[in-house]
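Thanks for coming. I have one structure to go through today, so let me put it on the screen.

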Amino acid sequence: MKYTDEFRDPELARRLLDDIRAEVTRPWALMEVCGGQTHTIIRHGIDQLLPDEVELIHGPGCPVCVTPLEVIDKALEIASRPGVVFCSFGDMLRVPGTGRDLFRVRSEGGDVRVVYSPLDALRIARENPDREVVFFGIGFETTAPPNAMTVHQAHRLGIPNFSLLVSHVLVPPAIEAIMESPRCRVQAFLAAGHVCSVMGTGEYPALADRYRVPIVVTGFEPLDILEGIRRTVRQLERGEHRVENAYPRAVRPGGNPAARAMLEDVFEVTDRAWRGIGVIPGSGWRLSPRYREYDAEHRFSVTGIDTREPAECRSGEVLQGLLKPNECPAFGTVCTPRTPLGATMVSSEGACAAYHLYRRLDIPAGPAARTVPLEAIPGA
């Protein structure tokens, strides 16, 4: 297969769905880890096409959504300071902090710029030696390598006015935290293919064995997701709990050795807070001692941050898979993409944003609400 449309073929989707129906004999609850998977599932109606026995639980794999409120507020404070150029990807600008967002800071005179690569921020630093340039480095293992490379380049080239505000998080510790929760209903995971393309699959067998859960690595097109579900259901029905790679066109067992070497050089593992979830031990990265001078949090010594989440926002429960977005009383009323209470409503990978964008506005009424025609998986 060469083209995206081939991974959206309705006839192949029907065959995979038939295989899943033929395999399943009892209820199973699967969690897709990544927000990109969630958007594919909701956009193409995959959760509604599946047999009623198969439930998909949306996981915490949206990097924008899990960036803790305290870090957002630190970003707002740094971006507000004179002489600072604050650079970020566009999806962070509308993420609400305590009372405002980066768009508001920009409207108030802060020099907040949207860039398409951390190297763009490094270029701005070279062109403006009299300004402090900060890049907002968030995300999972997927986005960490280019951020690490940029810090490495700043160190190599001797660019002193560049720094990175780091909020990188790691998937395997999050899976462990989910499974340790007393409210956990997850019986299997669809792992994120892009994360595994960087890190490989070596950390997952121990998790699969410890918690006796299948973990199937998938891509992000409809057929990728359905094939992952098919393999997962087959394992569950057979009482197996293995790691399978259903995304071999992008994922190798050892991941990307060059990227992993760069990450090991620039970062070190640390405890990290997840927005709406709390602190997960060993679940994040920070700059290693060799590169600590490029840590914006250290450089600007931001203190006295008083964070306040809106009381009516239940995005933390959404991120933990305990609540569907349209089961939140604020969803689509006081919380919309234009007036978000939480990051899950504004992020391009947020579950609440997916439900709102693809018009899942009503609370499901039961199994009948899931019955839709197979043509719900379009060609585009």
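Which residues is Phe 189 in contact with, leaving aside its neighbours within four places in sequence? Bear in mind that this is a predicted model. The list is Met 31, Val 33, Ile 175, Ile 178, Met 179, Val 213, Pro 214, Ile 215, Val 216 and Thr 232.

Phe 189 is also one of the residues with the most contacts inside the largest nonpolar core, along with Ile 78, Phe 86, Phe 136 and Leu 165. That core has 58 residues. Helix α5, residues 69-79, gives the most to it, with six residues. There is a second, separate core of 35 residues, and its members include Val 24, Leu 56, Leu 190 and Cys 352. As general background, nonpolar side chains in soluble globular proteins tend to be buried together.

Now the strands. An open sheet is formed by five strands with parallel pairing, in the order β2-β1-β7-β8-β9. At the edges are β2, 54-61, and β9, 243-245, each of which pairs on one side only. From one strand to the next the twist averages 25°. Inside that order, β1, residues 28-34, and β7, residues 188-192, pair over three bridges, with Leu 30 standing opposite Ala 188.

Elsewhere the pairing is antiparallel. Strand β10, residues 267-274, is joined to β11 by seven bridges, and Thr 270 has Gly 284 as its bridge partner in β11. The hairpin of these two strands has three residues between them, and Gly 276 there takes a positive phi near 80°. Strand β11, residues 278-287, also pairs with β6, residues 162-169, over two bridges. In that pairing, His 168 stands opposite Trp 285.

Last topic, charges. A search of the whole structure finds 28 salt bridges. One of them joins Glu 297 to Lys 74, with the closest N and O atoms 2.4 Å apart. This pair links distant parts of the chain, since Glu 297 lies in helix α14 and Lys 74 in helix α5, 223 residues apart.

Are the two partners buried or exposed? Lys 74 has a relative accessible area of 10%, so it counts as buried. Glu 297 is at 27%, so it counts as partly exposed.

Asp 111 and Arg 113 also meet in a salt bridge, at 2.9 Å from N to O. Asp 111 is partly exposed at 22% relative accessibility, and Arg 113 is partly exposed at 28%. Finally, a network of salt bridges links Glu 227, Arg 230, Arg 231, Glu 240, Arg 242 and Glu 244.

Methods
Residues numbered from 1 in each chain as written. Predicted model: local features only at pLDDT ≥ 70, side-chain atom pairs only at ≥ 80, totals over all residues. Heavy atoms only, no water. Pairing = 2+ DSSP bridges. Helix = DSSP H or I, 4+ residues; strand = E, 2+ residues; numbered from the N terminus. Axes fitted to C-alpha atoms, helices over the stretch in contact; angles between N-to-C directions. Core = buried A, V, L, I, M, F, W, Y, C linked by side-chain atoms within 4.5 Å. Buried < 20%, exposed > 50% of the residue type's maximum accessible area, 1.4 Å probe, protein only. Contact = heavy atoms within 4.5 Å. Salt bridge = Lys/Arg side-chain N within 4 Å of Asp/Glu carboxyl O.
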